[in-house]
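Hello,

Here is the structure I promised to hand over. Please look through it before you read on.

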Amino acid sequence: LHHGGHFSWTMEAFHLGCPALRSHPAAGLKPKHTNVAFLKTHKTASTTMQNLLFRFAEHNNLTVALPVQACSHQFCYPRSFTSHFVHSHTLPPNIITSHMRFNKAELQRLMPNDTIYVTILREPGSMFESLFSYYNQYCQSFKRVPNGSLEAFLEEPWRYYRPDEKDSMYARNTLTFDLGGDKDRPATDVVYARAFVAEVERVFSLVMIAEYFDESLVLLRHLLSWDLDDILYFKLNMRTPSSKRSLTPGLPAKIRAWNSLDARLYDHFNASLWRQLSALGPACVAREVRLLRRAQERLMRSCFGGRMPLLRSAAQIKNKDLRPWQPSGKVDIVGYDLPVNLSRGFSSQAQELCLKLIMPEVQYTRVLLRSQSLRYRRSYQLRSPQQSHPLQQPIRTVLPRHRSQQPPAAPGPASGTGSTSTSKPAAGTQGWTTKIRSKSSQTQAS
Ligand SMILES: Nc1ncnc2c1ncn2[C@@H]1O[C@H](COP(=O)(O)OS(=O)(=O)O)[C@@H](OP(=O)(O)O)[C@H]1O
């Protein structure tokens, strides 16, 4: 961090890395894969992932598809994604990661052919508890429940839930909905549930699991041929312990029954994550996880003046660019503040890294849109019309009206070079390769 922002721990990783993989001859030369579509599901640690992808994109001068202003900082969720929602200055994209309702055909039209699709799921009990608390003031199904009681909702969900109502996707099978599925298919429709899981498996090369976030990142790193320092992160979008409630016995089973499609997805992809980890080698995975955590702790201490940071509620954070959005007065989403004397002994690059690591979703989206827009404007005069992305002509300015149930973002305008890979530094990762195959080619063909 003190040497130009690059965290040099790849050599250490090389010595501790997986022997079987290290012997692979050409892996050190393999370029990093840079075309990634990450489906940002709700309340699954997806903001932490999005921040990691934003930083990777900036570091490698890539283009991130961002929403037009009328969509706020999401792609007009809960409407099904279309390329009309993408800001024309962020085309052609390498990475897409903002909230959307998945639409395979539209994403394939937008993204390069070799795009790797990734998403993340969370255990249904803790996820539903998080949704219930976060969207308590938005979602009518939750607002109707006396005393905001999760137990009361789960006792008689049909008393409070209306499938066609605004924001009902937060109250039942949210993962299925985000993935483009039918959240209200009855649990008895096993044929639909199986086919849906199979479709998700066909499209997504990696389905991460929030409970095993670091292990999932190790798989991601191998899948994309990234370095260990590309997967460093600080946890974002957390609630204070006082905003959480523990689930009383019997509730997890009720949550699973109510969200049976999500439960099926979770069980399937949790099992497949562990199969992939075991194929990579448990010892190798454990070593990489250990390295990641150690490096993260060092990075945190560097950014926060030698000690571990205190998590702060939004009101306590002096820098407004670092205040996380608060869904209501009843839930406290915490964030970080940087020490005032951070600039002492730090390069501007190192300061920038510390800032971006803790920048909340709404503000980072706005910053990225601004910088990409600037880049787009600078390169605009140099382009011939043929060099434009097909979706850039004509630029679409009219958007169907849509209410925003999410935090208001104020993105400015934004960019577009279309590089598809970066040169991977050979040091430390020679021979490390993944056994996980990209499914993008199958997906394109289907
Ligand atoms: N690295 C990592 N590992 C495990 N869990 C993590 C991580 N980062 C964030 N979190 C937890 O994820 C919850 C927020 O999820 P999202 O960022 O997806 O929420 S949002 O839909 O974008 O608002 C939120 O959960 P709750 O605190 O239970 O609400 C965060 O604490």
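Below are notes on the sheets and the ligand site.

The model is predicted: local features need pLDDT of at least 70, side-chain atom pairs count only at pLDDT 80 or more, and totals for chains, interfaces and linings use all residues. Residues are numbered from 1 along each chain as its sequence is written, and side-chain values use heavy atoms, with hydrogens and water left out.

**Five-stranded sheet**

Five strands form an open sheet with parallel pairing, in the order β3-β4-β2-β5-β6. (Helices, H or I of at least four residues, and strands, E of at least two, are DSSP runs numbered from the N terminus; two strands pair if DSSP finds at least two bridges between them.) The edges are β3 (64-65) and β6 (206-209). Each has a single partner strand, so one side of each is left without a neighbour in the sheet. Helix α11 (residues 213-224) packs on this sheet and touches β2, β5 (116-121) and β6. Contact here means heavy atoms within 4.5 Å. The direction of α11 makes about 160° with that of β6; axes are lines fitted to C-alpha atoms, for helices over the stretch in contact, and angles run from 0 to 180 degrees between N-to-C directions. Inside the sheet, β2 (residues 36-39) and β4 (residues 95-96) pair in the parallel sense over two bridges. Val 36 has Ile 95 as its bridge partner in β4.

**Ligand site**

The ligand is surrounded by 22 residues (a heavy atom within 4 Å). The closest are Lys 40, Ser 46, Thr 47, Ser 130 and Arg 239. By class, the shell has seven nonpolar, nine polar and six charged residues. Helix α3 gives the most, with three residues.

Some polar contacts (N or O pairs within 3.5 Å):

- A backbone N or O atom of Thr 44 lies 2.9 Å from a ligand oxygen.
- A polar side-chain atom of Thr 48 lies 2.8 Å from a ligand nitrogen.
- A side-chain N or O atom of Arg 122 is 2.9 Å from a ligand oxygen.

On its own the ligand has 650 Å² of accessible area (Shrake-Rupley, 1.4 Å probe), and the protein covers 93% of that. The elements that give two or more residues to the shell are α3 (46-59), α5 (124-134) and β7 (238-239).

**Three-stranded sheet**

Strand β7 also belongs to an open antiparallel sheet of three strands, ordered β7-β9-β8. β7 and β8 (312-313) are its edge strands, each pairing on one side only. β7 pairs with β9 (residues 333-335) over two bridges. Met 238 has Val 334 as its bridge partner in β9.

Best wishes

How values were computed: A polar contact is a pair of N or O atoms within 3.5 Å; within protein, one must be able to donate a hydrogen and the other to accept it, and residues adjacent in sequence count only if both atoms are side-chain atoms. Ala, Val, Leu, Ile, Met, Phe, Trp, Tyr, Cys and Pro count as nonpolar, Asp, Glu, Lys and Arg as charged, and the others, Gly among them, as polar.
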